[in-house]
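Dear colleague,

I am passing on a structure that you have not worked with before, and below it I have set out what was found in it. Please read the notes with the model open beside you.

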Amino acid sequence: MKYLWIFLFLSIGLLQAQNLDKYLWKNRVILLFESNRHKSDYQEQLEVLQLESEELLERDIVTVTPKNGEKPLFLENLGLENDFYGLVLLGKDGGIKLKEEFVVKPQIIFRLIDAMPMRRAEMRKKNRPN
């Protein structure tokens, strides 16, 4: 049942980017910006992330896809170009940690996150005996 929820969350239940503030200090956010010219890359990015759903959950990562018409606002707020397409990783502090065109291998994302001080503290806390 847990795996069904994970799959549904990543494949169907992609969060819409109404308000990123609700994720601050709780989640790391992967923003996926698609363009008509790069639909296949966008789809491939979704698929490679779906294959790593447990790793995403372990690192408190949510995937957000801006609604139609939201892209310019999001790009402006994040300091990105209007024609940017690809993946943006936001840390729990809301700062941009990674910005790459599609397709980004999940292992790159995980290595980056695992090197962050907040993630290291999370791993120490998880591994601490009760």
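This is a predicted model: local features need pLDDT of at least 70, side-chain atom pairs count only at pLDDT 80 or more; totals for chains, interfaces and linings use all residues.

Residues are numbered from 1 along each chain as its sequence is written, and side-chain values use heavy atoms, with hydrogens and water left out.

L89 also belongs to the largest nonpolar core, which has 17 residues and in which I30, L32, I61, L87, L89 and I109 touch the most other members. Such a core is a set of buried Ala, Val, Leu, Ile, Met, Phe, Trp, Tyr and Cys residues joined through side-chain atoms within 4.5 Å; buried means under 20% relative accessible area, exposed over 50%, and partly exposed in between, with a 1.4 Å probe and protein chains only. At least two residues of this core come from each of strand 2 (28-33), helix 2 (39-50), strand 4 (86-90) and helix 5 (106-114), where helices (H or I, at least four residues) and strands (E, at least two) are DSSP runs numbered from the N terminus. A second, separate core of 13 residues includes L20, V29, L31 and F33.

Turning to charged side chains, a search of the whole structure finds twelve salt bridges, each being a side-chain nitrogen of Lys or Arg within 4 Å of a carboxyl oxygen of Asp or Glu. One of them joins K92 and D60 at 2.8 Å, N to O, and it links distant parts of the chain, 32 residues apart, with K92 in the loop between strand 4 and strand 5 (96-100) and D60 in the loop between helix 3 (53-58) and strand 3 (61-65). K92 counts as buried at 8% relative accessibility, whereas D60 is partly exposed at 27%.

E122 and R119 form another salt bridge, with their closest N and O atoms 3.7 Å apart; these two residues are separated by about one helical turn because they lie three residues apart in helix 6 (residues 117-127). R119, at 4% relative accessibility, is buried. Both pairs belong to a network of salt bridges that links R28, E55, E58, R59, D60, K92, D114, R119, E122 and K126.

With kind regards
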